Amino acid sequence: MPEHHHEHHPNVSADLIWEIARANNAFLVKRRSGGGVQFSRDPFNLVNKHSRKHAGFVNDKAVGILPGEKGGLTLTTKKTKHSNRPCANVNEVKFGGDKSGPKVYKNIVNVIAKQGYRPDLRRDAVARASAIKMSSRPVKDGPEKKIRGAKAKKAAAKE
């Protein structure tokens with residue numbers, strides 16, 4: 001018995017979804033300050049810009065990077081196979097906090113490239129991963145300020 005491979009095609013195009021959901025959706029953040037700029041809270045939007053290009057809920061293939069446990073990262077990718085089943089539509093790869101930055105970035109680029117995602121997402125994904133890794137590092141205390149000048153030294157001695 002021959003196997004039949006059926007490709008799943010969504011009933012509605014991504015462009016139509018964007019035109020309908022562009023003005024109002026759950027991820028849209030509107031700000032009056034800054035000239036009415038619009039941002040997105042979409043987990044699959046790597047740059048948090050409200051635009052068709054970066055909207056993860058619209059695109060069939062999208063990439064998201066979220067902070068993980070203990071300084072790690074979670075790379076989330078959308079699968080095209082189960083577009084009508086949100087739970088089965090997501091693939092997660094976890095990177096521990098003990099791995100060095102360049103190794104994590106290389107792995108992220110490899111996953112995105114091998115699974116056939118848009119090449120322009122790679123730079124944005126690495127930038128997002130880098131920002132998350134930097135934010136999870138503890139802040140170092142800077143060196144104490146040196147007292148300069150005779151008047152400042154006298155004032156410090158009096159205290």
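Visitor: Is asparagine 48 buried, partly exposed or exposed?

Guide: A residue is called buried under 20% relative accessible area, exposed over 50% and partly exposed in between (1.4 Å probe, protein chains only). Asparagine 48 has a relative accessible area of 28%, so it is partly exposed. Please note that this is a predicted model, in which local features need pLDDT of at least 70, side-chain atom pairs count only at pLDDT 80 or more, and totals for chains, interfaces and linings use all residues. Residues are numbered from 1 along each chain as its sequence is written, and side-chain values use heavy atoms, with hydrogens and water left out.

Visitor: Where does asparagine 48 lie?

Guide: Asparagine 48 is in the loop between strand S2 (38-40) and strand S3 (63-67); strands (E, at least two residues) and helices (H or I, at least four) are DSSP runs, numbered from the N terminus.

Visitor: What is the phi of asparagine 48?

Guide: Most residues other than glycine have a negative phi. Asparagine 48 has a positive phi, near 60 degrees. Lysine 70 also has a positive value, near 55 degrees. Lysine 70 is placed in the loop between S3 and strand S4 (73-78), and is exposed, with a relative accessible area of 83%.

Visitor: At what angle do helices H3 and H4 pack?

Guide: Axes are lines fitted to C-alpha atoms, for helices over the stretch in contact, and angles run from 0 to 180 degrees between N-to-C directions. Helix H3 (residues 101-114) and helix H4 (residues 120-136) pack at about 150 degrees, their axes 10 Å apart. H3 is therefore roughly antiparallel to H4 (angles over 145 degrees).

Definitions and conventions: Parallel < 35°, antiparallel > 145°, perpendicular 65-115°, else oblique.
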